[in-house]
Amino acid sequence: MTDPLTLLNDRVGGIAYGGDYNPEQWPREVWREDVRLMRAAGVNLVTLGVFSWSRIQPRPDTYDWSLLDEVLDLVHRNGIGVDLATPTAAPPPWFTRAHPQARPVTSGGTRLSHGSRQVFCPSHPAYAEAADALVEALAIRYRAHPAVVLWHVHNEWGNHNALCYCDTSAAAFRDWLRARHGSLDVLNEAWGTDFWSQRYGDWEEIDPPRDTTAFHNPGQDLDFRRFSSDALLARHRAESRILRRFAPGIPLTTNLMGTLEKKVDGHAFAAECDLVSVDHYLTAADPEGHVGLALNADLARGMAGGRPWLLMEHSTSAVNWQPVNVAKKPDETRRNSLTHLARGADGVLFFQWRQSRAGAEKWHSAMLPHGGTDSRVWKEVSRLGADLADLTEVVGTRVVSEVAVLFDWQTWWALELEARPSGEVRYLEAVRDWYEALWSLNITCDLVPPGADLTPYRAVLAPNLYLLSDEDAKNVTRYVERGGQLAVGYFSGVVDHHDRVRPGGHPGALRDVLGLRVDEYLPLRAGEAARLDGGGHAVRWAERIEPRECETVLSFADAPDGGPAPGAPAVTRNRYGRGTAWYAGTRLPREKLRDLVRSVCEQGGAAPVVDGPPGLEAVRRSGPDGSYLFLVNHTDSTRSVPADGTGLLGATVRDGRAVVPAGAVVVVREHPAKRRP
Ligand code: GAL
């Protein structure tokens with residue numbers, strides 16, 4: 001079956017290119033200019049209607065389709081497809097006024113006011129009723145409109161209202177708990193409520209984890225996160241059901257937030273979409289933001305099960321919601337966009353088409369900036385449109401990864417609950433460390449959930465997988481038994497699905513496969529370091545590892561500067577079944593982690609895409625008709641790597657090498673084509 005995104009690409013005539021289009025912010029004359037400039041820039045897809053609810057339904061009993069009717073016809077006449085949003089992310093003022101109890105409530109009991117977006121409680125029936133009616137009317141109105149090629153369900157579910165603590169949410173939470181746990185005895189056991197006399201005797205006694213005197217019950221906190229994500233997922237499903245019923249045949253997606261947010265379980269939402277789309281924004285304070293970008297892209301591909309995916313939003317330059325909103329450097333957007341493409345995106349869209357004059361996002365960059373077409377950003381946007389048109393032939397090709405990194409929202413939530421051994425251990429930091437090692441070696445990976453089918457992978461990395469369910473623990477163990485190379489990071493496999501410590505010594509779920517026992521977790525203070533044998537210092541975390549069947553690969557140095565476990569193992573390796581399980585019980589310095597990751601990958605036979613110089617990112621997309629090597633130069637000087645084939649985007653391929661100027665991206669259509677990374 002042809003992939004829904006590939007069909008969409010056919011309809012828009014190539015790689016999707018465009019952004020959020022908010023014509024309601026502008027008078028009609030501007031729309032004409034918009035479509036003219038969209039065509040000039042090569043835009044072929046716009047996301048319409050995301051924040052149009054108050055225009056479409058100005059009163060509870062009145063729909064006004066005039067704006068959408070006109071704009072849909074206009075863009076269609078100009079050959080531009082529409083990703084039509086259900087405008088349910090921003091209920092209009094009349095809704096809040098009619099249903100003040102449908103506003104979300106914070107953990108401290110403050111009911112939030114109108115005047116922003118996502119001002120609704122995900123569990124409130126009045127919201128569900130209003131949203132469902134709107135979605136149905138929208139689906140019926142536009143199901144046959146030739147411009148509509150994709151449904152965009154809501155917008156970033158839970159970005160601002162994921163956790164609502166109101167009484168309606170409390171009642172829904174209780175229902176969710178009843179369905180999940182079945183009985184209070186089971187719940188009491190799962191949450192360990194005998195601690196601090198929290199034993200529940202009636203479901204009505206259970207509240208969401210509202211502000212209280214000291215730490216919350218972690219089981220309650222974790223289940224509340226799960227419930228909250230599920231409450232939004234139920235809304236996503238409700239909207240999707242309506243769209244599929246009234247407007248079948250048009251694929252649907254929702255823009256996920258990837259690593260940007262831990263609020264909802266991205267894997268669960270991705271499973272409900274016909275095609276996966278994600279947003280990504282660079283963090284200005286991160287000097288290696290391009291590594292985080294690549295990580296997010298590989299997560300998107302993991303969520304898409306390896307299929308092509310869509311970059312629904314990123315920025316042409318600065319955003320407006322960070323402490324200091326730094327403008328992108330010349331050509332940075334091009335590198336960003338083409339990196340997403342290299343990593344499997346078949347569409348590159350921005351927030352937003354035209355920079356707003358008013359409203360909260362007027363200082364957020366756009367494809368068409370305040371200054372109009374006489375601007376650096378516009379010139380880059382136009383050039384990017386032309387580049388993407390030149391790369392049409394890559395549509396539908398796939399990135400093949402031989403390595404998986406296990407990525408899990410459940411563990412992210414559990415790890416960052418209150419009262420942990422170290423509040424400085426952060427999930428994304430650990431994931432990023434391991435990912436960076438792969439990135440710098442040009443070894444491509446998919447980020448997949450721990451329950452995923454791991455058989456296609458030659459190596460699997462599990463950074464800081466603190467929470468591991470019984471089934472997922474079996475999955476990773478089986479992978480090693482059958483010959484896989486598994487590398488596990490510190491403080492992994494510690495608790496079960498309910499955040500209960502696994503008995504018998506840490507790390508309970510992985511003790512056997514790793515062939516060791518951890519006697520004690522020994523977090524390090526900020527600024528503290530533990531010297532490693534052979535040089536380098538570990539930070540953040542240490543453990544007193546007692547080897548059982550495993551061998552020691554690297555130790556902490558002896559006292560006095562070997563940290564809290566001088567002379568003890570820091571990295572171990574264990575033969576288990578037909579495979580090997582490696583363990584790093586500390587936060588290794590960059591070089592040491594790279595060495596470890598290189599060894600694990602070598603053992604498994606997972607190869608780098610190219611053996612390139614530092615700072616040159618290489619990814620391969622391949623398909624039945626050929627393979628494409630993408631090369632992104634993040635340095636200030638020209639780089640070259642071995643390659644054979646035809647240079648695209650003006651690339652020079654000479655004497656068996658592709659030349660990549662400083663800051664540039666080139667693509668090589670390879671001869672002969674290659675199937676492996
Ligand atoms: C996203 C959101 C967009 C816009 C953008 C700004 O989170 O979906 O509507 O606000 O951020 O960066």
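**Sheet, helix and aromatic contacts in a predicted model**

Strand S1 (residues 16–21) runs parallel to strand S9 (residues 345–350), and four bridges join the two. The structure is a predicted model, in which local features need pLDDT of at least 70 and side-chain atom pairs count only at pLDDT 80 or more, while totals for chains, interfaces and linings use all residues. Residues are numbered from 1 along each chain as its sequence is written, and side-chain values use heavy atoms, with hydrogens and water left out. Helices (H or I, at least four residues) and strands (E, at least two) are DSSP runs, numbered from the N terminus. Two strands pair if DSSP finds at least two bridges between them.

An open sheet of nine strands shows parallel pairing in the order S5-S4-S3-S2-S1-S9-S8-S7-S6. Its edges are strand S5 (252–253) and strand S6 (255–256), each of which pairs on one side only.

Helix H4 (residues 66–77) has twelve residues and, at 1.5 Å a residue, should span 16 Å; its end C-alpha atoms are 17 Å apart, which agrees. The expected span is 1.5 Å times one less than the number of residues. Just after H4, Gly79 takes a positive phi of about 75°.

The structure holds 28 aromatic pairs. Rings of Phe, Tyr and Trp (its six-membered ring) pair if their centres lie within 6.5 Å; planes under 30 degrees apart count as stacked, over 60 as edge-to-face and the rest as tilted. The rings of Trp176 and Phe227 have centres 6.4 Å apart and planes at 75°, so this pair is edge-to-face. Trp176 lies in helix H7 (residues 167–181) and Phe227 in helix H9 (residues 218–246), 51 residues apart, and the pair thus links distant parts of the chain. Trp176 is buried at a relative accessible area of 11%, and Phe227 is buried at 5%. Phe407 and Tyr427 form a tilted pair, 5.5 Å centre to centre with 45° between the planes. Phe407 is buried at 0% relative accessibility, and Tyr427 is likewise buried at 0%.

Key: Buried < 20%, exposed > 50% of the residue type's maximum accessible area, 1.4 Å probe, protein only.
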